[in-house]
Amino acid sequence: LKYAAGGVMSLEAYSPGMPIDELQRRLGVSNAIKLASNENPLGMSDKVKAAIAAAVARDNLALYPDGSGHRLKAKIAAMHDIALDRITLGNGSNDIIELLGRVFTGPGRAALYSQHAFAVYSIITQAQDARAVIVPARPATDAQPYGHDLPAFSKALAANPDVALVFIANPNNPTGTVLEPREIEAFLATTPASVVVALDEAYFEYLDPALRPDSRALLDRYPNLIVFRTFSKAYGLAGLRVGYSLSSPALADVLNRVRQPFNNNSLALLAAEVALDDQDYVAKSVELNGRERTRLADALQAKGLTVLPSQANFLTVGFGRDAKPVHQALLEQGVIVRPLASYEMPQFLRVTVGTPQENDRFLEALTQALATA
Ligand code: PMP
């Protein structure tokens with residue numbers, strides 16, 4: 001371990017929560033549910049399943065994938081009306097975050113992001129031995145509680161000239177909070193062109209259309225902006241690991257120089273192509289999420305709990321006390337949700353919006369947990 005470089009030894013490994021199989025083994029049950037990783041509760045679309053089965057039957061997986069991901073990029077290019085040389089494919093959008101960190105940060109440089117922002121921003125920053133400038137989040141009483149405070153980002157940028165990379169998650173995980181399009185635009189307009197602004201839109205599809213920034217138009221105006229999306233959420237492909245970014249050709253070029261030659265496998269590329277064409281499935285997933293998110297939030301509020309306003313596929317629930325015993329009591333009933341102590345929100349749990357049946361099961365288990373824990 002003494003050979004590990006720089007910031008690596010100060011890191012704690014990302015913990016995705018207990019795998020469903022492990023909990024089932026521990027409890028001796030076969031019906032545990034996991035609402036902990038913001039996956040699509042409908043799974044993947046039938047069209048994707050059929051395409052994967054056909055690809056396996058064709059049996060050409062002994063060959064390397066198309067390292068340029070040309071077919072998928074062509075579909076993404078058409079969807080966003082953007083040139084191919086402005087697209088970068090990642091092994092999940094986490095890969096894009098990592099590429100950004102590797103290219104733009106390192107010793108003597110800093111990355112800036114919000115308190116309570118997505119954990120992978122800090123992992124790559126520390127791993128690069130770069131400095132983290134963590135901007136305090138908005139207060140609990142704000143309309144976007146615990147959300148990003150972009151005016152404070154600007155002030156922190158001015159005070160920290162070593163910042164080379166800024167991460168903004170909209171909506172943010174784990175808070176579900178959003179920024180108004182004009183806030184994002186105002187931030188870009190005042191940010192020096194030498195600072196790369198990474199706009200993480202992992203939950204974009206769930207965002208109310210009226211609240212969506214026109215990130216495609218912003219890309220043409222701000223060559224230091226990079227926007228990324230994922231196939232892990234509304235497209236239902238978390239297990240296959242595909243994400244992508246849109247940026248200036250110059251930014252895409254530097255990311256392309258450091259990425260692994262075959263960072264997306266053949267099945268993942270194919271699945272993403274088919275999923276992108278199956279927008280009905282995305283619409284169905286988003287519609288279910290909207291309906292169930294409202295129902296779940298109402299039920300949680302009726303229990304006297306705090307529910308942060310969410311524009312994503314999860315709800316962040318406040319218990320007004322340490323949430324660990326509630327988390328534990330849910331686990332004992334075979335329900336896995338996400339504790340947020342590592343996000344400096346120990347009184348909150350994050351629950352992914354599931355199917356109606358899963359949400360009912362969660363609510364029942366929660367009633368029990370609140371009575372005992
Ligand atoms: N950004 C945010 C804000 C996320 O919540 C996640 C997934 N939890 C990701 C990026 C990464 O997702 P993936 O690597 O599966 O695309």
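This report covers the sheets, a helix pair and the ligand shell of a predicted model.

Residues are numbered from 1 along each chain as its sequence is written. In this predicted model, local features need pLDDT of at least 70 and side-chain atom pairs count only at pLDDT 80 or more, while totals for chains, interfaces and linings use all residues.

**Sheets**

Helices (H or I, at least four residues) and strands (E, at least two) are DSSP runs, numbered from the N terminus. Two strands pair if DSSP finds at least two bridges between them.

Within it, L112 stands opposite V166 in strand 5.

Another open sheet has 4 strands in the order 9-10-13-12, with antiparallel pairing. Strand 9 (306–307) and strand 12 (338–339) stand at the edges with a single partner strand each, so one side of each is left without a neighbour in the sheet. P339 stands opposite L349 in strand 13.

| Pair | Sense | Bridges |
|---|---|---|
| Strand 3 (residues 110–114) and strand 5 (residues 163–169) | parallel | 3 bridges |
| Strand 12 and strand 13 (residues 348–352) | antiparallel | 2 bridges |

**Helices**

Axes are lines fitted to C-alpha atoms, for helices over the stretch in contact, and angles run from 0 to 180 degrees between N-to-C directions. Two residues are in contact if their C-beta atoms, placed from the backbone, lie within 7 Å.

Helix 6 (residues 150–159) and helix 7 (residues 181–190) have axes that come within 9 Å and cross at roughly 10 degrees. The two helices are therefore roughly parallel to each other (angles under 35 degrees). L150, F153 and S154 of helix 6 make the contact with E183, F187 and T190 of helix 7. These contact residues divide into 3 nonpolar, 2 polar and 1 charged. Here Ala, Val, Leu, Ile, Met, Phe, Trp, Tyr, Cys and Pro count as nonpolar, Asp, Glu, Lys and Arg as charged, and the others, Gly among them, as polar.

**Ligand shell**

The ligand is surrounded by 13 residues (C-beta atom, placed from the backbone, within 6 Å). The closest are G92, S93, N173, T230 and S232. The shell divides into 4 nonpolar, 8 polar and 1 charged.

Technical notes: Angles under 35 degrees count as roughly parallel, over 145 as roughly antiparallel, 65 to 115 as roughly perpendicular and the rest as oblique.
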